[in-house]
Each structure stands twice: as structure tokens, then as C-alpha cells.
Amino acid sequence: MDELILKYRSLGVLLDTNILLLHLIGSLNRDYVASFKRTQTFALEDFDTLQLFLGRFSIFSTTPNVMTEVSNLVDKIDEGRKEDFNALFAEHITLLREHYVETASISGNAYFSRP
């Protein structure tokens with residue numbers, strides 16, 4: 001695993017919806033991971049492991065679709081935390097490299113032809 005991280009460290013890591021959401025919610029309040037509906041399936045150790053893993057990269061990438069989905073999923077966040085979450089999310093948005101991939105080009109991937 002260390003070899004792969006060293007190989008891709010400078011290229012960065014792609015964050016999907018659930019991973020980005022876990023990172024953001026845990027960064028907002030580590031203890032909120034267990035009580036927020038969308039991150040309840042994760043243990044606090046998962047958040048800690050994620051933080052250690054992400055700390056090994058200097059570039060973080062995502063897609064517009066992931067950003068939209070994260071925004072939709074946190075719509076149900078407690079009103080008392082919404083403003084703080086939005087500020088944190090806005091800060092992280094500036095740190096993320098956003099990559100757009102046309103859906104039609106993805107559909108040609110071998111994954112879609114699996115039975």
C-alpha cells in the first residue's frame with residue numbers, strides 16, 4: 001500500500017461522495033460522525049483512518065456530481081450546524097480540484113458491461 005501511495009501522492013486522491021462526506025462531517029465535529037444519519041455507518045476509527053490516509057496526499061480531486069450529492073445529503077443537517085458546515089464546505093471546495101467527466105464516456109468503461 002505504501003508503494004501505491006508514494007506513486008500517486010503527487011497526483012492526488014479522488015474523493016467520492018461518502019468519503020468526502022465523512023471527512024467533512026468528522027472535521028466539523030468528530031463526535032457527530034456517529035449521530036449524523038448519512039455517516040452513522042462509519043465508526044470513529046474510520047474517520048481517524050481516513051484522516052491519516054488523506055494526510056499522505058497533497059492534491060484532492062472530486063467531480064461536480066460528487067459535490068452536488070454531498071450538498072444534497074447534508075441538506076438534512078441540524079439547523080444549529082448548518083451554517084458551520086456550509087462554511088467548512090465552502091473552505092474545502094477551494095482546496096479540491098474538480099474534474100468533469102462526460103457521462104457518455106464513462107458508459108464505455110468495462111464496468112458497465114459486467115453481468
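This is a predicted model: local features need pLDDT of at least 70, side-chain atom pairs count only at pLDDT 80 or more; totals for chains, interfaces and linings use all residues.

Colleague: OK, how many helices and strands does the protein have?

Modeller: The secondary structure comes to 6 helices and 3 strands. Starting at the N terminus, the elements run α-β-α-α-β-α-α-β-α.

Colleague: And what box do the C-alpha atoms fill?

Modeller: Along the principal axes, the box is roughly 45 × 35 × 30 Å.

Colleague: What percentage of the residues is buried?

Modeller: Buried residues account for 30% of the 115 residues.

Colleague: What about contacts between residues at least 6 apart in sequence?

Modeller: Of those, 73% join residues that are at least 24 apart.

Colleague: How many bridges hold strand 1 and strand 2 together?

Modeller: There are 2 bridges between strand 1 and strand 2, which covers residues 60–62. V13 has F60 in strand 2 as its bridge partner.

Colleague: Moving on to helix 4. Which residues are buried there?

Modeller: In helix 4, residues 64–73, the buried ones are V66, M67, V70 and L73. Looking down the helix axis, they fall within an arc of 130 degrees, so the buried residues line one face of helix 4.

Colleague: What do they pack against?

Modeller: The buried residues of helix 4 pack against helix 2, helix 5, strand 2 and strand 3.

Colleague: Switching to electrostatics, how many salt bridges are there?

Modeller: The count comes to 5 salt bridges. One of them joins D48 and R30, where the closest N and O atoms are 2.6 Å apart. That pair links distant parts of the chain, 18 residues apart: D48 sits in helix 3 (residues 44–54), and R30 is in the loop between helix 2 (17–28) and helix 3.

Colleague: Why do D48 and R30 count as partly exposed?

Modeller: The class runs between 20% and 50% relative accessible area. D48 counts as partly exposed because its relative accessibility is 29%, and R30 does too because its value is 33%.

Colleague: What does K82 bridge to?

Modeller: K82 forms a salt bridge with D75, with closest N and O atoms 3.8 Å apart. K82 also meets E79, at 3.7 Å from N to O. E79 and K82 both belong to helix 5 (residues 79–93) and are 3 residues apart, about one turn of the helix. Through shared partners, the salt bridges join D75, E79 and K82 into one network.

Colleague: Last topic, greasy spots. Which residues form the nonpolar patch on the surface?

Modeller: That's L4, Y8 and L11, with about 310 Å² of accessible area together. Of these, L4 lies in helix 1, residues 2–8.

Note on methods: Residues are numbered from 1 along each chain as its sequence is written. Side-chain values use heavy atoms; hydrogens and water are left out. Two strands pair if DSSP finds at least two bridges between them. Helices (H or I, at least four residues) and strands (E, at least two) are DSSP runs, numbered from the N terminus. Patches are made of residues with over 30% relative accessible area and no salt bridge: like charges are joined within 9 Å, nonpolar side chains (Val, Leu, Ile, Met, Phe, Trp, Tyr) within 5 Å. Accessible areas come from the Shrake-Rupley method with a 1.4 Å probe; for residues, only the protein chains shown count as cover. A salt bridge is a side-chain nitrogen of Lys or Arg within 4 Å of a carboxyl oxygen of Asp or Glu. Buried means under 20% relative accessible area, exposed over 50%, partly exposed in between (1.4 Å probe, protein chains only). The arc is that of the directions from the helix axis to the C-beta atoms. Contact means heavy atoms within 4.5 Å.
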